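The sequence and the coordinates are shown first, and the description follows.

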Amino acid sequence: MIKNNFLSNINFFSTSLSMSINFFFSSVLIILLSLFNFLDLAAEIGLTLSFTLFLCQIFSANHRSLIYLEEYESKVNSIVQFRFIITFIILFISISMISILEFENQFFLIILSLLICIQWISEIFLTIKEKTKSYDYSNKILFTNLVF
């Protein structure tokens, strides 16, 4: 009983942490850079990530909530394919913005935009695994995000 309770708490913690990193990574990064006086980099990151997140949210279509509905279970592959296709468009627009504004850390900002898009796609997989209470995937995502 204690072991099951402990595992349940660990799974809840790791899933919550994985979702939190997925959603709040960029905000924490900007705050940390500002606190350590990397203000120019924080501003570049803030503009780039705000723009990238804005585009991701435009095309989200509330997929996370829809996945919990029974009639959308068969449409998960379509949602993932849609997000992959839109990711290329978002990356193209973000890279164009980074180039037009002539940011100093262009490669780093492009990688961060890519990371945001990957997290946007992985949100669907995290939601599916959360719905089925399969915690292995969320633990792997958590580990990957922490390493990155």
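In which hand, left-handed or right-handed, does H4 pass H5? The crossing of H4 past H5 is right-handed; under the convention used, a crossing is right-handed if the near helix is turned clockwise from the far one by less than a right angle, and left-handed if anticlockwise.

## Basis of the description

This is a predicted model, in which local features need pLDDT of at least 70 and side-chain atom pairs count only at pLDDT 80 or more, while totals for chains, interfaces and linings use all residues. Residues are numbered from 1 along each chain as its sequence is written, and side-chain values use heavy atoms, with hydrogens and water left out.

Helices are DSSP runs (H or I, at least four residues) numbered from the N terminus.

## Helix H2

Helix H2 covers residues 39–58, 20 residues in total, and its first and last C-alpha atoms are 28 Å apart, close to the 28 Å expected at 1.5 Å a residue. The expected span is 1.5 Å times one less than the number of residues. Buried residues of H2 (under 20% relative accessible area, with a 1.4 Å probe and protein chains only) include Leu41, Ile45, Leu49 and Leu55.

## Packing of H2 and H4

Two packed helices are described by the angle between their axes and the distance between the axes. For H2 and H4 (residues 76–100), the angle is about 155° and the axes lie 10 Å apart. Axes are lines fitted to C-alpha atoms over the stretch in contact, and angles run from 0 to 180 degrees between N-to-C directions. H2 and H4 are therefore roughly antiparallel, a term for angles over 145 degrees. Their crossing is right-handed.

Leu47, Thr48, Phe51, Thr52, Leu55 and Cys56 of H2 meet Ile90, Ile93, Ser94, Met97 and Ile98 of H4, where contact means heavy atoms within 4.5 Å. By class, this contact has eight nonpolar, three polar and no charged residues. Nonpolar covers Ala, Val, Leu, Ile, Met, Phe, Trp, Tyr, Cys and Pro; charged covers Asp, Glu, Lys and Arg; the others, Gly among them, are polar.

## Packing of H4 and H5

The axes of H4 and H5 come within 10 Å and cross at roughly 165°. That makes H4 roughly antiparallel to H5. The contact of H4 with H5 has 18 nonpolar, five polar and two charged residues.

## Two loop residues with positive phi

Most residues other than glycine have a negative phi. Asn37, although not a glycine, has a positive phi of about 65°; Asn37 is in the loop between helix H1 (2–35) and H2. At 59% relative accessibility, Asn37 counts as exposed, a term for values over 50%.

Glu102 is in the loop between H4 and helix H5 (106–132), and its phi is positive, near 50°. Glu102 also counts as exposed, at 64% relative accessibility.

Key
Angles under 35 degrees count as roughly parallel, over 145 as roughly antiparallel, 65 to 115 as roughly perpendicular and the rest as oblique.
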